[in-house]
Amino acid sequence: MARAPLPSPPLRLTSDEAAALKRRMGAALWNRRIEREDKRELHFGGRLRWCPMKYAGPAARLAFRLAGLYGRAYREFLDIRVREEEFALPGLPPELDGLAILHLSDLHLDIDPALAGAIRAALSRVAGRYDAAAVTGDFNNFTVHSDTLALRLVASLRDVFTAPVYGVLGNHDSVRDVPALERGGVRILLNESVRVRRAGAASGPSLLLAGVDDPNIFATHDLRAALRARRPGEPCVLLAHAPSIHAEAAAAGVSLVLCGHVHGGQVCLPSGKTLAWRHWTFPRRVWRGRWTEGGTQGYTTTGVGACGAPLRLNCPPEIVLVRLRAAPQA
């Protein structure tokens with residue numbers, strides 16, 4: 001099995017690209033994002049660039065080989081399931097009943113050369129069944145800046161999507177990735193929103209699809225800005241990389257949150273209980289699957305790829321076909 005390449009140098013933005021992104025995010029959040037990204041990487045004389053993922057991957061591979069679980073965990077890593085979920089949204093126009101959003105998260109595309117093919121095969125099984133696709137961050141595996149391989153692979157998958165693709169950045173992505181991602185066919189929502197209609201409809205009722213920048217590690221989200229175009233009383237779907245947005249989304253009256261980040265634990269007991277030890281800033285009840293916070297519904301996917309090493313155990317990867325249903329207003 002080929003090893004993933006080391007991270008490439010940071011993408012260089014043109015002055016026009018940087019100025020456009022700064023306007024979209026707002027100067028304060030743009031500056032915070034850039035500053036925090038640059039602090040996550042250590043430079044030594046401009047020659048050595050240290051990245052934790054460079055060492056976490058080989059360590060995890062060795063541990064699984066010694067435990068005799070490597071083959072099983074690698075096969076599960078490539079076994080991407082298609083999961084279907086329905087959510088009733090009060091106030092959703094009857095004309096939008098059945099509107100479907102294909103949700104992917106945590107692609108970490110550069111972690112293994114076989115992953116893009118597995119994603120392509122999974123997407124082919126749901127071709128034509130959704131009105132929009134949403135990717136909630138972590139296109140890259142490496143945690144600092146971008147890996148050009150991941151960005152090329154994102155672009156290579158665009159032809160297999162059968163609807164417009166929207167996305168938000170995760171904590172493994174750089175804001176410097178945005179122009180390349182958008183050239184590759186993924187419209188990134190930097191605390192912004194778009195309107196989604198049924199496939200093929202040029203007019204008529206629409207759903208507000210909003211997206212915030214990473215609310216967890218970088219904390220560069222602005223929910224108020226993302227919901228600025230929301231009409232009084234209308235339902236909306238929010239894309240966020242991590243479920244740490246759950247309470248804020250509920251306070252803002254968001255109808256449905258789609259997120260990822262936790263990978264469902266990635267390595268779990270046979271019961272599905274996660275072995276994750278990290279103390280997240282959000283409760284376990286929002287780590288995986290369906291959850292509610294006040295009047296807000298949410299779904300935290302187990303994700304598509306894997307972090308650190310191409311391994312999963314008792315926690316299969318998934319893409320989720322989210323179908324929205326009209327429900328009476330409470």
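The largest cavity of this predicted model is lined by L107, V135, F139, V154, L157, R158, F161, V165, G184 and V186. About 70 Å³ of space lies within this cavity. A search of the whole structure finds one cavity of 30 Å³ or more. Sorted by class, the lining residues comprise eight nonpolar, one polar and one charged. Rolling a probe the size of a water molecule over the atoms is what shows where empty space is left.

Beyond β4 comes the loop between β4 and α5, and D106 lies in it. The backbone of D106 deserves attention, for this residue has a positive phi of about 55° although it is not a glycine. D106 has a relative accessibility of 0%, and therefore counts as buried. A second residue with a positive phi is N191, where the angle is about 60°, although N191 is not a glycine either. N191 is placed in the loop between β7 (186-188) and β8 (192-196). The relative accessible area of N191 is 4%, which means that this residue is buried.

Helix α5 comprises residues 115-124, and R120 is found in it. R120 has a relative accessibility of 31%; because this value falls between the limits of 20% for buried and 50% for exposed, R120 counts as partly exposed. Leaving aside residues up to four places away in sequence, R120 touches S156, L157, D159 and V160. R120 and S156 are 36 residues apart in sequence, while their C-alpha atoms are 9.5 Å apart in space.

The contact between R120 and S156 may be set beside the contacts of the protein chain in general. Among contacts between residues at least 6 apart in sequence, 76% join residues at least 24 apart. The chain has 330 residues, of which 55% count as buried. Its secondary structure comes to nine helices and 14 strands.

It remains to consider the confidence of the prediction. The mean pLDDT of the protein chain is 89, and 88% of its residues reach 70 or more. Over residues 1-8, however, the pLDDT is below 50, and this stretch has 24 contacts in the model beyond near neighbours in sequence. The pLDDT is likewise below 50 over residues 43-48, a stretch with four contacts beyond near neighbours in sequence. Where pLDDT is low, the predicted coordinates should not be read in detail.

Technical notes
Residues are numbered from 1 along each chain as its sequence is written. This is a predicted model: local features need pLDDT of at least 70, side-chain atom pairs count only at pLDDT 80 or more; totals for chains, interfaces and linings use all residues. Side-chain values use heavy atoms; hydrogens and water are left out. pLDDT is the predictor's confidence in each residue, from 0 to 100. Contact means heavy atoms within 4.5 Å. On a 1 Å grid over the protein atoms alone, a cavity is a set of points where a 1.4 Å probe fits but cannot get out, and a pocket is an open set with protein on both sides within 12 Å along at least five of seven lines; lining residues have an atom within 4 Å of a point. Grid points are joined across faces, edges and corners, and a volume is the space filled by probe spheres set on the points. Ala, Val, Leu, Ile, Met, Phe, Trp, Tyr, Cys and Pro count as nonpolar, Asp, Glu, Lys and Arg as charged, and the others, Gly among them, as polar. Helices (H or I, at least four residues) and strands (E, at least two) are DSSP runs, numbered from the N terminus. Buried means under 20% relative accessible area, exposed over 50%, partly exposed in between (1.4 Å probe, protein chains only).
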